[in-house]
Amino acid sequence: MAEWLSLALAVGSGFLGMAWLALSLNVHWQQVRARALPPVKTLRALAAVALSVSLLLCLWADHPSIAVLVWVMAISGSALSVAMLLAWRPRWLKPVVVWAC
Amino acid sequence: MLQTFRQSMAWLHTWFGLVLGFVLMAVFFFGSLSVFDREIDRWALPETRFEPQPMPSYDNLLADIFAGMEAEEEELEAARKRIGGELPAQLQPTGWGAYTTHRDPVLDVFAEYSVPNPKDPFDHAHGHLTLDPRIGAILPHDSLKIGSEFFYPLHYSLHIEWKQLGTWIVGVAALIMLVALVSGVIIHRRLFRELFTFRPGKRTQRSSLDLHNLTGVVALPFHFIFALSGLTIFAFLYLPVGETVLTTPVQAHLMEEAVSRGLPFEPAGEAAAIASVDAMMVEAKKRWAERGMPGEVGFLWVTHPGDRNSFVSIFRAGSDRVAFVGQGVHFDAVSGRVLYEEPPPTVIAGINEFLTGLHLQHFEHWPLRWLYLLGGLLGCTCIATGFIFFTEKRKRNLNDATLVRWVDALAVTAVTGMLVATGAILVANRLLPAELPHRSGWEQTVFWMAWLLTLAHALWRGRAVSGCLSPAWREQCWAIALLAVTAVALNWITTGDHLLKTVLTDRYWPVAGFDLALLASAAIALRTAFMLRTRERAAARIEHKELLAMEVARG
């Protein structure tokens, strides 16, 4: 059970990381927020932290050889979900940058 | 033309990608299905729908099975050709083995037999069986495991067995895949800036390129490592130095290695009875537990069975890590004492095991299995959108009309046609009578015939209309939906395993999961067909208006 929870958190954290990374780009920031320019440095720092946390959670759940694969694939899946949300439902990403109204 | 480096890379990416893309499409799709090969086997062989089993007793069950085995007729035929003469009536077995994973209800057992007077010292003939390890019943030879015996080999050999040509074609395709990835990254102008960009509202040419870039880049590590590890798995075939130019030193090395481990390299030629292998399995498990890695037996191999020099090798199933078996313990078959316990692998061996293991994925990790399916399907999307971009870009140029028509027809065949063929083999599996001779051959014939039909259909219905796909795409989507739903219905009718039963009352995920995947595919195919129809109608209206305007202008 603890492993599943840890994996779910790893995926969630990976998704947050990729979402912040995407929103650090002008064009995507403007899809989600009215204000013109994104706080690039803050968003990328947050992304780096979230992606690292995701890796640590993967390592905690599985043997390192498997954990690395899970992490890489979870990041790919997250990037795809973020891209699809930005294409069809960009406003759904608002909550991840709730502080920057 | 081709003045800059980037232009030459674009040329390379376009044309090599196009030609080998048709092969790669099949490799990626059937590779993706192979992630769930054991589950597809359960769907296709209803008599094997029971829980996975551990390695059975050797002493009470496997010993008799192995003793009754023989090399297969086609193997013997091939061996006769290789040595250019007759074989003795009874061949001497050189090895017996059994392999199982955490997903196998049935057990695969295999035997190797020595070929007298061989030209190649490694020459031997094979026999294999599949059995129900609970009772020792042997599955009929003619039952096709569609997942592990048809889709899985299709993805690396295309079932072209002549001189292993199919495996060579796939190898070239994998190499070109690596080239396409590198050249693709070079020609992509805004790799990071457009990493998350997909604009479905734009013209087909633009949105298909978006999707091509997106699916290629987000899963780049997956695409790269799978193409690479696929090549390393078949390195023995692509670069067979050990079996061609270096036969003598390799043989000497193997002998030296065996001697250093205390494992007899040659049989003694004297018969001797085998000790209890079950006791050896218990001992091996005890040793793994002492090393802090308790586990189950994954692979069992008896070398020189029945001989005084016989030994038994027992390997741990790699369910909890990437390398699929390991920690081998070798026993003297006659006395039952341990001859050699393998140390942890060296760095190079470890990397090789990692690359092979991550590709063959015999580990127990369901989330990763699903992520692999996602990676594989992203690869398919990348290739398919590549085809669509290629044709869309050239549709306006009338000089390219024939090329566009052919590429479009081949793309339809490679994408939707492949799915139609897949649906067809599943329907055939449920419809063909059980007692039909060569049933497994018929199932495969249906698959290839259906695929050929989709090519004919694509050529017949192909039409180049800028901005919308040819009607062949839409019509084959209808066929996919119909076949997928029919397969699920037939599974219910012929076995009684409907989804309410397999999900709720008598849960059996392998079959339930595959039925659900078929229904999901049908839903996606239907939605795609409707969307394509809407676009075709809109395009037809525009075309009609343009014609009217032209006529009005002419007066």
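Trainee: How are α1(B) and α5(B) oriented to each other?
Mentor: Keep in mind that this is a predicted model. The axes of α1(B) and α5(B) cross at roughly 150 degrees and come within 7 Å. An angle over 145 counts as roughly antiparallel. The two helices, α1(B) and α5(B), are therefore roughly antiparallel.

Trainee: How do the residues of the contact of α1(B) with α5(B) divide by class?
Mentor: From α1(B) come A26(B), V27(B), F30(B), G31(B), L33(B) and S34(B), and they meet G147(B), F151(B), Y152(B), L154(B) and H155(B) in α5(B). Sorted by class, the contact of α1(B) with α5(B) has seven nonpolar, four polar and no charged residues.

Trainee: How many charged residues does the contact of α2(B) with α5(B) have?
Mentor: In α2(B), the residues are D37(B), R38(B), E39(B), I40(B), D41(B) and A44(B); in α5(B), they are I146(B), G147(B), S148(B), F151(B) and Y152(B). The contact of α2(B) with α5(B) has five nonpolar and two polar residues, and its charged residues number four.

Trainee: Turn to chain A. How are α1(A) and α3(A) oriented?
Mentor: Helix α1 of chain A covers residues 2–23, and helix α3 of chain A covers residues 40–61. Their axes come within 8 Å and cross at roughly 160 degrees. That makes α1(A) and α3(A) roughly antiparallel.

Trainee: How many nonpolar residues does the contact of α1(A) with α3(A) have?
Mentor: Among the residues of α1(A) in the contact are L7(A), L16(A) and W20(A), and those of α3(A) include L46(A), L57(A) and W60(A). By class, five residues in the contact of α1(A) with α3(A) are polar, two are charged, and the nonpolar ones number 17.

Trainee: Back to chain B. Which strands stand at the edges of the sheet?
Mentor: The open sheet of chain B has eight strands, in the order β4-β3-β2-β1-β5-β6-β7-β8, and the pairing is antiparallel. An edge strand has a single partner, so one side of it is left without a neighbour in the sheet. In chain B, these strands are β4 and β8.

Trainee: Which residue in β7(B) is the bridge partner of R316(B)?
Mentor: Strands β6(B), residues 311–317, and β7(B), residues 325–332, run antiparallel and are joined by six bridges. In β7(B), the partner of R316(B) is G326(B).

Trainee: Which residue in β5(B) is the bridge partner of Y99(B)?
Mentor: Strand β1(B) is joined to two strands. Six bridges pair β1(B) with β2(B), where P93(B) stands opposite Y113(B). Five bridges join β1(B) to β5(B), again antiparallel, and there the partner of Y99(B) is F299(B).

Trainee: What are the centres of domain 1 and domain 3 of chain B separated by?
Mentor: Chain B is divided into domain 1 (1–45 + 151–247), domain 2 (51–150 + 248–360) and domain 3 (395–555). Taken over C-alpha atoms, the centres of domain 1 and domain 3 of chain B are separated by 23 Å.

Trainee: Which elements give two or more residues to the side of domain 1 of chain B that touches domain 3 of chain B?
Mentor: The contact takes 12 residues from domain 1 of chain B and 13 residues from domain 3 of chain B. On the domain 1 side, the elements giving two or more residues are α1(B) and α2(B).

Trainee: Which element gives the largest share of the side of chain B that touches chain A?
Mentor: The contact takes 25 residues from chain B and 22 residues from chain A. On the side of chain B, α7, α8, α12 and α13 of chain B give two or more residues. The largest share, seven residues, comes from α13(B).

How values were computed
Residues numbered from 1 in each chain as written. Chains lettered and ligands numbered in written order. Predicted model: local features only at pLDDT ≥ 70, side-chain atom pairs only at ≥ 80, totals over all residues. Contact = placed C-beta atoms within 7 Å. Helix = DSSP H or I, 4+ residues; strand = E, 2+ residues; numbered from the N terminus. Pairing = 2+ DSSP bridges. Domains from an automatic or database assignment. Axes fitted to C-alpha atoms, helices over the stretch in contact; angles between N-to-C directions. Parallel < 35°, antiparallel > 145°, perpendicular 65-115°, else oblique. Nonpolar A, V, L, I, M, F, W, Y, C, P; charged D, E, K, R; others polar.
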